[in-house]
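Here is a brisk report on one chain.

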Amino acid sequence: MKIDLSALDQQRFGIVTAKANLEAEDSAAAVKAWCAQNGVRMLIARCSTSHLALVQQLEQAGAFLTDTLVYYRRREIAAQQVALPPGYRWRLAQPGDAEAVEILAGRTFEGYFGHYHSDPKLNRADADAVYAQWAGNSCRSTAVASAVLLIEHDSGIVAFATLKDLGQQEFEGVLFGVHPEHQGQRLYHALMQLAQNWAAERDFRSMVVSTQINNLSVQKVWCRQGFEPSSSYYTFHQWF
């Protein structure tokens with residue numbers, strides 16, 4: 001059982017929070033006992049959609065579903081030509097870009113409905129702030145993200161993508177955002193291409209990305225770029 005306290009969630013929501021990645025052999029009772037020993041108020045637990053017996057245990061113990069994630073993988077990374085629209089350019093982020101990226105992420109995640117937003121006990125503005133702070137911290141620390149790609153326009157930074165080295169020559173495209181006023185310019189498509197070019201230069205062999213199961217538009221982009229479905233996970237919240 002992999003479970004740890006989450007300092008970031010405690011800071012954001014003001015309650016002791018634990019995050020768990022569970023396997024089929026884990027039990028809801030063991031998770032509950034760990035949370036009791038560590039004074040946890042809110043548990044965020046994730047498990048494969050194939051672990052139905054564990055899912056039923058969690059539900060019977062009082063956990064409730066907050067989202068379903070689907071993962072896609074491209075097994076062969078190759079550099080490709082990227083044609084940004086006129087007036088746009090790209091670069092890698094520096095620590096000094098953190099504040100601007102955090103503000104941009106705040107705009108791009110307005111109306112987003114992640115597992116934090118699905119929990120009626122959590123404030124929606126606080127839930128939005130989780131993603132904005134995550135994007136900003138991705139610029140500040142390589143422990144959060146291995147690189148952050150930026151697309152700029154005359155008005156400043158208008159799109160970003162955070163990338164994370166997963167080891168064994170695989171990396172993940174974690175957070176993506178495009179300013180609402182610059183959508184429709186295929187900038188998300190360009191970010192996906194730029195991410196693979198970044199990876200090809202560093203000898204990565206495969207890339208993974210994830211989204212909520214009902215986010216069909218980005219899944220269509222992934223399929224066009226040679227990605228295939230690889231796995232899926234449920235996210236549960238439980239309050240004690």
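## Charge

Lys and Arg count as positive, Asp and Glu as negative; His and the chain ends are not counted. Each charge is placed at NZ of Lys, CZ of Arg, CG of Asp or CD of Glu. On that basis the chain has 21 positive and 24 negative side chains. The centres of the two sets lie 2 Å apart.

## Model basis

This is a predicted model: local features need pLDDT of at least 70, side-chain atom pairs count only at pLDDT 80 or more, and totals for chains, interfaces and linings use all residues. Residues are numbered from 1 along each chain as its sequence is written, and side-chain values use heavy atoms, leaving out hydrogens and water.

## Overall form

The chain has 7 helices and 10 strands (DSSP runs, H or I of at least four residues and E of at least two, numbered from the N terminus). Its C-alpha trace spans about 55 × 35 × 30 Å along the principal axes.

Of the 240 residues, 49% are buried (under 20% relative accessible area, 1.4 Å probe, protein chains only).

## Nonpolar cores

A nonpolar core is a set of buried Ala, Val, Leu, Ile, Met, Phe, Trp, Tyr and Cys residues joined through side-chain atoms within 4.5 Å. The largest has 30 residues. Ile-151, Phe-171 and Met-207 have the most contacts inside it (contact means heavy atoms within 4.5 Å). Helix H6 (187-200) is among the elements giving two or more residues. The largest share, 9 residues, comes from H6.

Another core, of 25 residues, lies apart from this one; Met-42, Cys-139, Val-148 and Trp-239 are among its members.

Terms used: Buried < 20%, exposed > 50% of the residue type's maximum accessible area, 1.4 Å probe, protein only.
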